[in-house]
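I opened the notebook to record what I looked up in this structure. The entries are in the order in which I made them.

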Amino acid sequence: MIAVRALSKSFTTDRGRVEVLKDVNLDIEAGERIAIVGASGAGKTTLMHLLGGLDRPSSGSVFFADKNISRFSAQELDVFRNRSIGFVFQFHQLLPEFSALENVMMPALIGRCHEKEARSRASEILSAVGLAHRLDHKPGQLSGGEQQRVAIARSLIMSPKLLLADEPTGNLDSVTSDEILALLDRLHAERDLTIVVVTHSEKVAGQMDRIVHMVDGFLEK
Ligand SMILES: Nc1ncnc2c1ncn2[C@@H]1O[C@H](COP(=O)(O)OP(=O)(O)OP(=O)(O)O)[C@@H](O)[C@H]1O
Ligand SMILES: [Mg+2]
C-alpha cells in the first residue's frame, strides 16, 4: 500500500543544514498497524509529515498505491490528503471556537460535501467514538481524552484508508489512553484501516502488528 524509498529530508536553518531523515525505506501493507518508536528528535514526526503529504522530501519518494505522492502538485496533494489520509496529532489541533460537531464536519466541508450530509456523518462518527452527548461542546469544554476522540472522529470522517497518529495518547492518563487504544483497535477492525502510530508508550507499541525503530534519522532493520 505504501512504499517509502530512499527518503531523505533536511532543513536549512540559521546554523546550516540539518539532515533529519537519512535514506529511509519502509513498506506498509494494507490493513497493517505499525508503531514507530524512537528518541525525541529522531525524526518520527518528520517521517509522518512526509507519509501524509504534509511536507515534501529533499530526495526519495513516498508511493501510495503505486502513485508517487512526492511528485503531486500542491493541489493534488490537498485532495489526496483530504480523501485518503486521516491525521491525529499529539496536540489535537481542534479549532477552539468551533463545537466538536463542527470540528469533525470540517474535512467533509473542505471536501465539498453538502452541509447536511457532513453534519449527519459527523454526528454518526462522534457517536461511534462515544461522544453523542458532547456534540455541541467546544474543545475547551472537553476532557483531554474527549478532545482526542474528537480528533480521531475528525480524522475518519472522509473514510481514509490510512490513519497517521502522532503520539495519540501522549497527553493522556493511562486509563484514558487505554480507551483510545481500544478505540483505534475497534476502528482498525471495523474500517479496514491501516494505522501508523508514533508512540513513546511500550503498551501502545506492543498492541501494533509491527514496531519499527527510528534512530537519528535512520530506520533500524
Ligand atoms: N522545520 C524544521 N526546521 C529545522 N529543523 C527541524 C524542522 N522540523 C524538525 N526539525 C528537526 O528535526 C529533528 C527531528 O524532528 P522530529 O519532530 O521529526 O522529531 P521526533 O522524532 O518527532 O521527536 P519527538 O519525539 O520529540 O516528537 C529535530 O532535531 C528537529 O529540531
Ligand atoms: Mg514528534
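**Entry 1. The model.** I noted at the start that this is a predicted model.

**Entry 2. Around ligand 1.** I asked which residues are around ligand 1. I found Phe11, Thr13, Val18, Val20, Gly38, Ser40, Gly41, Ala42, Gly43, Lys44, Thr45 and Thr46. I then sorted the shell by kind and got 4 nonpolar, 7 polar and 1 charged. Next I looked at where the shell comes from. At least two residues each are supplied by β1 (2–13), β2 (16–28) and α1 (44–51). The largest share, 3 residues, belongs to α1.

**Entry 3. Helix α1.** Since α1 had come up in the shell, I checked how covered it is. I wrote down that 6 of its 8 residues are buried, so α1 is mostly covered. The buried residues in α1 are Lys44, Thr46, Leu47, Met48, Leu50 and Leu51. Two of these names, Lys44 and Thr46, I had already listed around ligand 1. Just after α1 I came to glycine 53, which takes a positive phi of about 70°.

**Entry 4. Proline 57.** I moved along to proline 57, which is in the loop between α1 and β4 (59–64). Is proline 57 buried or exposed? I recorded it as buried, because it has 22 C-beta neighbours inside 10 Å and the cut-off for buried is 20 or more. Leaving out residues up to four places away in sequence, proline 57 touches Leu7, Ser8, Lys9, Leu50 and Ser70. Leu50 is one of the buried residues of α1. I also checked proline 57 against glutamate 76: they are 19 residues apart in sequence and 16 Å apart in space, C-alpha to C-alpha.

**Entry 5. Helices α3 and α4.** I asked at what angle the axes of α3 and α4 cross. For helix α3 (residues 100–110) and helix α4 (residues 115–128), I have roughly 125°, with the axes coming within 8 Å. The crossing of α3 past α4 is right-handed. On the α3 side, the contact has Ala100, Leu101, Val104, Met105, Ala108 and Leu109. On the α4 side, I listed Glu115, Ala118, Arg119, Arg121, Ala122, Ser123, Ile125 and Leu126. The residues of this contact divide into 10 nonpolar, 1 polar and 3 charged.

Entry 6. I looked up aspartate 23, which lies in strand β2. Its phi is near 50°, a positive value in a residue other than glycine. Aspartate 23 has 13 other C-beta atoms within 10 Å, so I put it down as partly exposed. I then turned to glutamate 167, in the loop between β7 (162–166) and α6 (174–191). Glutamate 167 is not a glycine either, and has a positive phi of about 50°. What is the burial of glutamate 167? I found 20 other C-beta atoms within 10 Å, so glutamate 167 is buried.

**Entry 7. Glutamate 179.** My last stop was glutamate 179, in helix α6. It is partly exposed, because 18 other C-beta atoms lie within 10 Å. I compared its position with that of glycine 145. Glutamate 179 and glycine 145 are 34 residues apart in sequence, and 8.3 Å apart in space from C-alpha to C-alpha.

Key. Residues are numbered from 1 along each chain as its sequence is written. Chains are lettered from A and ligands numbered from 1 in the order in which they are written. This is a predicted model: local features need pLDDT of at least 70, side-chain atom pairs count only at pLDDT 80 or more; totals for chains, interfaces and linings use all residues. A residue is near a molecule or strand if its C-beta atom, placed from the backbone, lies within 6 Å of it. Helices (H or I, at least four residues) and strands (E, at least two) are DSSP runs, numbered from the N terminus. Ala, Val, Leu, Ile, Met, Phe, Trp, Tyr, Cys and Pro count as nonpolar, Asp, Glu, Lys and Arg as charged, and the others, Gly among them, as polar. A residue is buried if 20 or more other C-beta atoms lie within 10 Å of its own, exposed if 12 or fewer, and partly exposed in between; C-beta atoms are placed from the backbone. Axes are lines fitted to C-alpha atoms, for helices over the stretch in contact, and angles run from 0 to 180 degrees between N-to-C directions. A crossing is left-handed if the near helix is turned anticlockwise from the far one by less than a right angle, and right-handed if clockwise. Two residues are in contact if their C-beta atoms, placed from the backbone, lie within 7 Å.
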